[in-house]
Amino acid sequence: MTHTEHRGSVTYHHYRIQTAWVDRPAEGVRTGSLRCATCGDMVGFRLQSRARAKTRQRLWLAAALVSASSLVALIVLTARIISDGGTGTQTLVPTALSALALLMSVVVLPGVDGVTSARPRNSGPHAFTPLKPRVAWSKPPAADWPVRAEIVFSDADPGPDPDPLAP
């Protein structure tokens, strides 16, 4: 985020996007730092292997599916209890927890791509987010010139992730 602008009751946050291309490790996690093109700070990040990132995506998807199915089951159970003359208050807390778990899963799942900030609480305005091509196409082109990313890894290069489609 470069700056914030207030116009009446509306607040505008202005951001700059820096794209960095990095080869994933074949397995495990790699840590490194990227120099921000706007402020010049070195921002730490963690880069997971493709397999580890897919595993995390599958876990969040499973959490979303389990919470959605439990929410549906609890709603049906509550409806049956009410139709039998009960109040249905005993299913209120589990239903609310299922709805909260579903909401968390749906919010977190699109951002799980295997690249995270090394210090999520102390990274300031910096964030590592997956590229959203649809949003990029809908906005007018930026006036900023692309810059070459300076990336420093804290470990030795294990080599790129092998291509899973190669014979």
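## Close-up views of a predicted model

From the N terminus on, the elements of the protein run β-β-β-β-α-α-β-α-β. This is a predicted model, and the legends below treat its parts in turn.

View 1. Of its 167 residues, 19% count as buried. Among contacts between residues at least 6 apart in sequence, 60% join residues at least 24 apart. The protein exposes about 12,600 Å², and carbon and sulfur atoms supply 61% of that area.

**View 2. Four strands make up an open sheet in the order S5-S4-S3-S6.** The pairing in this sheet is antiparallel. Strand S5 (115–117) and strand S6 (151–153) are the edge strands; each has a single partner strand, so one side of each is left without a neighbour in the sheet. On average, and with direction ignored, neighbouring strands of the sheet are turned by 30° against each other.

**View 3. Strands S3 and S4 form a hairpin with six residues between them.** In the turn, Gly40 has a positive phi of about 85°. Strand S3 covers residues 29–35 and is joined to S4 by seven bridges, the two strands running antiparallel. Ser33 has Gly44 as its bridge partner in S4, and Gly32 stands opposite Phe45 of S4.

**View 4. Strand S3 has a covered face and an uncovered one.** Arg30, Gly32 and Leu34 belong to the covered face, whereas Val29, Thr31, Ser33 and Arg35 belong to the uncovered face. In a regular strand, side chains alternate between the two faces of the sheet. Strand S3 also pairs with S6, in the antiparallel sense and over three bridges.

**View 5. Strand S4 is joined to S5 by three bridges.** S4 comprises residues 42–48, and the two strands run antiparallel. Across this pairing, Arg46 stands opposite Thr116 and Leu47 stands opposite Val115. Five of the seven residues of S4 are buried, so this strand is largely enclosed by the rest of the structure.

**View 6. Ser49 is found in the loop between S4 and H1.** Is Ser49 buried or exposed? With a relative accessible area of 3%, Ser49 is buried, since the cut-off for that class is under 20%. Leaving aside neighbours within four places in sequence, Ser49 is in contact with Arg24, Pro25, Ala26, Glu27 and Gly28.

**View 7. Helix H1 spans residues 50–83.** At 1.5 Å a residue, its 34 residues should span 50 Å, and the end C-alpha atoms are 49 Å apart, which agrees. Buried positions in H1 are Ala53, Ala64, Ser67, Leu71, Leu74, Thr78 and Ile81. An α-helix has 3.6 residues a turn, so residues three or four places apart point the same way. Against which elements do the buried residues of H1 pack? Their packing partners are S4 and helix H2 (92–108). H1 is followed by Gly85, whose phi is positive, near 100°.

**View 8. Ser154 lies in the segment after S6.** At 59% relative accessibility, Ser154 counts as exposed, because the cut-off for that class is over 50%. Not counting residues up to four places away in sequence, Ser154 touches Thr31 and Gly32. A polar contact of 2.5 Å joins the side chains of Ser154 and Thr31; Thr31 is part of the uncovered face of S3. The C-alpha atoms of Ser154 and Arg30 are separated by 7.9 Å, and these two residues are 124 residues apart along the chain.

Note on methods: Residues are numbered from 1 along each chain as its sequence is written. This is a predicted model: local features need pLDDT of at least 70, side-chain atom pairs count only at pLDDT 80 or more; totals for chains, interfaces and linings use all residues. Side-chain values use heavy atoms; hydrogens and water are left out. Two strands pair if DSSP finds at least two bridges between them. Axes are lines fitted to C-alpha atoms, for helices over the stretch in contact, and angles run from 0 to 180 degrees between N-to-C directions. The expected span of a helix is 1.5 Å times one less than its number of residues. Buried means under 20% relative accessible area, exposed over 50%, partly exposed in between (1.4 Å probe, protein chains only). Contact means heavy atoms within 4.5 Å. A polar contact is a pair of N or O atoms within 3.5 Å; within protein, one must be able to donate a hydrogen and the other to accept it, and residues adjacent in sequence count only if both atoms are side-chain atoms. Accessible areas come from the Shrake-Rupley method with a 1.4 Å probe; for residues, only the protein chains shown count as cover.
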